Amino acid sequence: MHDVIIIGAGPAGLSAALWCDELGLDTLVLEQNERTGGQLHSIYGAIENYPGVRAANGREFFDRFSANVSEADFDLWTNVEIDSVNLNARTIHLRSGEDLQSIMIIIATGVRRRQLGIPGEKEFANRGIIESANRDRADFAGRDVCVIGGGDAAVENALLLAEVCPTVTLVHRRRALKARPTFVQQLQGQHCITVFPESVVTRILGSNQVEAVEILRKDALKPFQMAVQGVVIRIGVEPATELFREQLQLDEEGYVSVNSQHETNVTNVFAIGDVSNPLAPTISGAAGAGATAAKLIASRLGGRK
Ligand SMILES: Cc1cc2nc3c(=O)[nH]c(=O)nc-3n(C[C@H](O)[C@H](O)[C@H](O)COP(=O)(O)OP(=O)(O)OC[C@H]3O[C@@H](n4cnc5c(N)ncnc54)[C@H](O)[C@@H]3O)c2cc1C
């Protein structure tokens, strides 16, 4: 029986674990991936908005974070596949057959990129589907590319690619872009960027590499093909809550509903970080939520240190 089991080892889960450890709680962190750090590994631009830290990218930020983690004394299991969780009983069954139990559970499973679910999306991963313009734009210099999505991430990727690509086609399904006004203004000065509103990409085509996308405009009867050699997909994120869906209160988009102390509607179950924070997903928010949940848990467990 552990005091606390934390599911997910991104900034939120690791921050909670550091605090739980400092407060003398018997803590186990379960991470599905081989490495911890969550979305930090997808940040290829500079991080300049976390107090006291300036990092060239998420990797550098993570290295500093993990220096603290390696000095702490909590248990951390990576490559863990959770089969099922019973939140009321606070038991966790692993695919390996092992059963775990704790007094408290902290859900820190974060978000993942939403997928289009169209033909070609999986097939051309790393063969023309661009992971990040920040990281990969030099490889796509001189090529025609398509960016799918209308939010900040999509427009930022389009702007970065426009620095090196002859044409950038931005395809989004709404009438107006959702991206912040400063990004949208910057688009207007970019002659190589064409925006297709109220349109969707229905297929990504090619033989070995991406060669074209098929675009369907709202009022058109048939899609048309456009030759491109690279595609960026940025259609938002979704919370990783499938393990808990039937057991606790979620909002309409699947994020875990919590109170100001990060308690869910199930007794002794907390949720922290992006999985419960659709409005302001940030590293500082995730770290702060981890600290709050850990302190509340320690006080409930009677200051066991
Ligand atoms: C491109 C990009 C740029 C960003 N830039 C900034 C920035 O400049 N400043 C800033 O503050 N924030 C930035 N962010 C946001 C920031 O990275 C997130 O807010 C933060 O990582 C959230 O931390 P988290 O721990 O809640 O979730 P995550 O980082 O998503 O971590 C969740 C962890 O849980 C694990 N997990 C999920 N499901 C399971 C399961 N079933 N079992 C076990 N483990 C599981 C995942 O593998 C992952 O390791 C950026 C994000 C991106 C993608």
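User: Where in the chain is N268 placed?

Analyst: N268 sits in the loop between β17 and β18. The strand names come from DSSP runs numbered from the N terminus: E for strands, with at least two residues, and H or I for helices, with at least four. Before we go on, this is a predicted model, where local features need pLDDT of at least 70, side-chain atom pairs need 80 or more, and totals for chains, interfaces and linings use all residues. Numbering starts from 1 along each chain as its sequence is written, and side-chain values use heavy atoms, with hydrogens and water left out.

User: What makes the phi of N268 worth a remark?

Analyst: Most residues other than glycine have a negative phi. N268 isn't a glycine, yet its phi is positive, near 65°. H262 does this too, with a positive phi of about 70° although it is not a glycine. You'll find H262 in the loop between β17 (237–239) and β18 (269–271).

User: Why is H262 called buried?

Analyst: Buried means under 20% relative accessible area, exposed means over 50%, and partly exposed is in between (1.4 Å probe, protein chains only). H262 has 17%, so it counts as buried. H172 gets that label with 4%. Q188 in helix α5 comes out at 62%, so it is exposed.

User: Which residues does H172 touch?

Analyst: With contact meaning heavy atoms within 4.5 Å, and not counting residues up to four places away in sequence, H172 touches G149, G150, L177, V195, F196, P197, E198 and S199. H172 itself is in the loop between β11 (168–171) and α5 (181–188).

User: How do you know that both faces of β11 are covered?

Analyst: Check each side of the strand. V168 and L170 on one side are buried, and so are T169 and V171 on the other.

User: What makes β10 and β11 a pair of strands?

Analyst: Strands pair if DSSP finds at least two bridges between them. Four bridges join β10 (residues 145–148) to β11, and the two run parallel. The chain gets from β10 to β11 through helix α4 (residues 152–162), in a right-handed β-α-β crossover. Right-handed here means that, with the strands pointing away from the viewer, the path from the first strand over the helix to the second runs clockwise. β11 also pairs with β12 (residues 193–196), again parallel and over four bridges.

User: Why are β13 and β15 said to stand at the edges of their sheet?

Analyst: That open sheet has the order β13-β14-β15, with antiparallel pairing. β13 (199–206) and β15 (224–227) each have a single partner strand, so one side of each has no neighbour in the sheet. β13 and β14 (residues 210–217) share seven bridges.

User: How is the packing of α1 with α6 described?

Analyst: Two packed helices are described by the angle between their axes and the distance between the axes. For α1 (residues 11–22) and α6 (residues 283–300), that's about 35° and 7 Å. Axes are lines fitted to C-alpha atoms over the stretch in contact, with angles from 0 to 180 degrees between N-to-C directions. The crossing is right-handed, meaning the near helix is turned clockwise from the far one by less than a right angle. Among the residues making the contact are W19 of α1 and K295 of α6.
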